Amino acid sequence: MRNYIKVERAKLNITQQELADKVQVSRQTINSIETKKYVPSTILSLKISLFFKVTVEQLFELEEED
């Protein structure tokens, strides 16, 4: 699954830690999602998309191999 969290963070000029604090997870969790080592839960996906004010579909995208 491809995600655009890093892109959205760059638009707001916030760090992984700042995002993690806002959605109540560790910085390592955000890093793992960004590097495609971890697929977030539905709840976490919704929290992140709400924080960025985008839809889940704008933030996450299935890849062909998914």
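Author: Contact here means heavy atoms within 4.5 Å, and with that in mind we can read this predicted model one residue at a time.

Reader: Which residues is glutamine 16 in contact with, leaving aside its neighbours within four places in sequence?

Author: Glutamine 16, which is found in helix α2, is in contact with Arg9, Arg27, Ile30, Asn31 and Glu34, once its neighbours within four places in sequence are left aside.

Reader: With which side chains does the side chain of glutamine 16 make a polar contact?

Author: One partner is the side chain of arginine 27, at 3.1 Å, and another is the side chain of glutamate 34, at 2.8 Å.

Reader: Is glutamine 16 buried or exposed?

Author: Buried means under 20% relative accessible area. Glutamine 16 has a relative accessible area of 13%, and therefore counts as buried.

Reader: How should I read glutamate 8 by that cut-off, as buried or exposed?

Author: Glutamate 8, which lies in helix α1 (residues 5-12), is buried because its relative accessible area is 11%. Not counting residues up to four places away in sequence, glutamate 8 touches Phe52, Val54 and Leu59.

Reader: What does phenylalanine 52 touch, by the same way of counting?

Author: Beyond four places in sequence, phenylalanine 52 touches Ile5, Glu8, Arg9, Leu12, Ile14, Leu19 and Leu59.

Reader: How many residues has the largest nonpolar core, and which have the most contacts inside it?

Author: The largest nonpolar core has 13 residues, and those with the most contacts inside it are Ile5, Leu19, Ile48, Phe52 and Leu59. The elements that give two or more residues to this core are α2 (16-23), α3 (27-34) and α4 (42-52).

Technical notes:
Residues are numbered from 1 along each chain as its sequence is written. This is a predicted model: local features need pLDDT of at least 70, side-chain atom pairs count only at pLDDT 80 or more; totals for chains, interfaces and linings use all residues. Side-chain values use heavy atoms; hydrogens and water are left out. A nonpolar core is a set of buried Ala, Val, Leu, Ile, Met, Phe, Trp, Tyr and Cys residues joined through side-chain atoms within 4.5 Å. Buried means under 20% relative accessible area, exposed over 50%, partly exposed in between (1.4 Å probe, protein chains only). Helices (H or I, at least four residues) and strands (E, at least two) are DSSP runs, numbered from the N terminus. A polar contact is a pair of N or O atoms within 3.5 Å; within protein, one must be able to donate a hydrogen and the other to accept it, and residues adjacent in sequence count only if both atoms are side-chain atoms.
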